[in-house]
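This report describes the surroundings of a ligand and several local features of a protein chain. Please look at the sequence and the structure before reading on.

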Amino acid sequence: ALSARRTAALQADIEALVDGLLDALPPGETVDLREHLAYPLPIAVIGKLMGVPADQRTAFRTGVDNVFATHLSAEEQAVNTTALYGLLDALIETKRTEPGEDMTSLLIATRDEEDGSALSHAELRDPLLLMISAGYETTVNVIDQAITTLLTDPQQLAHIREGRCTWQDVVEETLRHQPAVKHLPLRYARTDIPLPDGQTIKAGEAILASYAAANRHPDWHKDADRFDATRPSKEHLAFGHGVHFCLGAPLARLEVATALRLLFERFPDAQLATERTALKRLPSLISNGHASVSVRLRPMPSH
Ligand code: HEM
């Protein structure tokens, strides 16, 4: 369902969703584009793919936001996990009674098969949680960071408008420069892992993978701290690496590129309503975005 080919077939649906969101923005006013574009798009896309009914999506958003909110206490996280599992149980119940053309119904059909290949309840519920949560806040952050960068660095917008790079280049450079997941907690070394600098991560020690640091490694990219959509190689680890490489990468790339392209076509003169330095970062060790991204959709008439 998430292959590059199947994802490409969603292009028209995603364009229609973005157009609908842009239609609802009031031209000439200041709007929080994180709230009114970056959030609702991935929620609508993954909500549709997974068959989450519209009236359950807000509750999922709160639950998923809290998964990334690393300032919550362990007790608060435990309450949140219970609530999220409750929502997933309700979703499974809804889809069992009224199956639809969605992945949740497909997984349930697999679970209910009686040839021994059926999934256990946990094997059904945990991937659902992973799919729904992975499809939300991550994509939100890339849209947020790309808009913020383009509105503070007019040279990058000029590169696109004058054909020196594509929207895909902007998406990749945003993923490299401001990965949506800054750090991924938490792995444990199964054996001693010797590092090239002579240190060793001992078996059993905790590992926090920092994609943000890796993507700006000076041996990997020249002038790595600078956002440059025209740099020839934008290789990055924002989607992870190896066997757990992000399954939703083609979908996320398509959503972000479509949102940016249609936003800047519709509102070519959009301006950030605050200084970039005044934007508040999310209080999260994982999630790399801003609390809000206020944008004036047309410059105010000068007096
Ligand atoms: C820009 C947006 C996204 C970013 C930055 C991102 C990032 C990541 C990262 C870093 C991993 C690896 C985790 C690990 O190593 O354990 C991952 C895995 C995963 N992502 Fe994404 N993701 C994004 C969007 C999505 C979307 C839209 C979906 C679903 C439609 C999705 C579904 C998944 C799944 C299912 C996995 C687990 C793969 C596995 O364990 O085999 N992601 N993602």
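In this predicted model, a polar side-chain atom of Arg 187 lies 2.6 Å from an oxygen atom of the ligand, and a polar side-chain atom of His 244 also lies 2.6 Å from an oxygen atom of the ligand. A polar contact is a pair of N or O atoms within 3.5 Å; within protein, one must be able to donate a hydrogen and the other to accept it, and residues adjacent in sequence count only if both atoms are side-chain atoms. Residues are numbered from 1 along each chain as its sequence is written. Local features need pLDDT of at least 70 and side-chain atom pairs pLDDT 80 or more, while totals for chains, interfaces and linings use all residues, and side-chain values use heavy atoms, without hydrogens and water.

Helix H8 (121-134), helix H9 (137-152), strand E2 (183-188) and helix H13 (249-266) each give two or more residues to the shell around the ligand. Helices (H or I, at least four residues) and strands (E, at least two) are DSSP runs, numbered from the N terminus. Of the 24 residues around the ligand, Ile 46, Ala 134, Arg 187, His 244 and Cys 246 come nearest, where near means a heavy atom within 4 Å.

Which protein donor does the iron atom of the ligand have? The only one is Cys 246 (SG), at 2.3 Å; donors are N, O and S atoms within 2.8 Å of the metal (3.2 Å for Na, K and Ca), and water is not among the atoms, so sites may look incomplete. Cys 246 lies in the loop between helix H12 (211-215) and H13.

The structure holds 18 salt bridges, each a side-chain nitrogen of Lys or Arg within 4 Å of a carboxyl oxygen of Asp or Glu. One of them joins Arg 125 and Asp 89 (3.1 Å, N to O). This pair links distant parts of the chain, with Arg 125 in helix H8 and Asp 89 in helix H6 (residues 74-97), 36 residues apart.

| Site | Angle |
|---|---|
| Pro 185 to Leu 186, cis peptide bond | omega near -10° |
| Asp 223, not glycine | positive phi, near 50° |

Leu 186 is in strand E2, whereas Asp 223 lies in the loop between H12 and H13.
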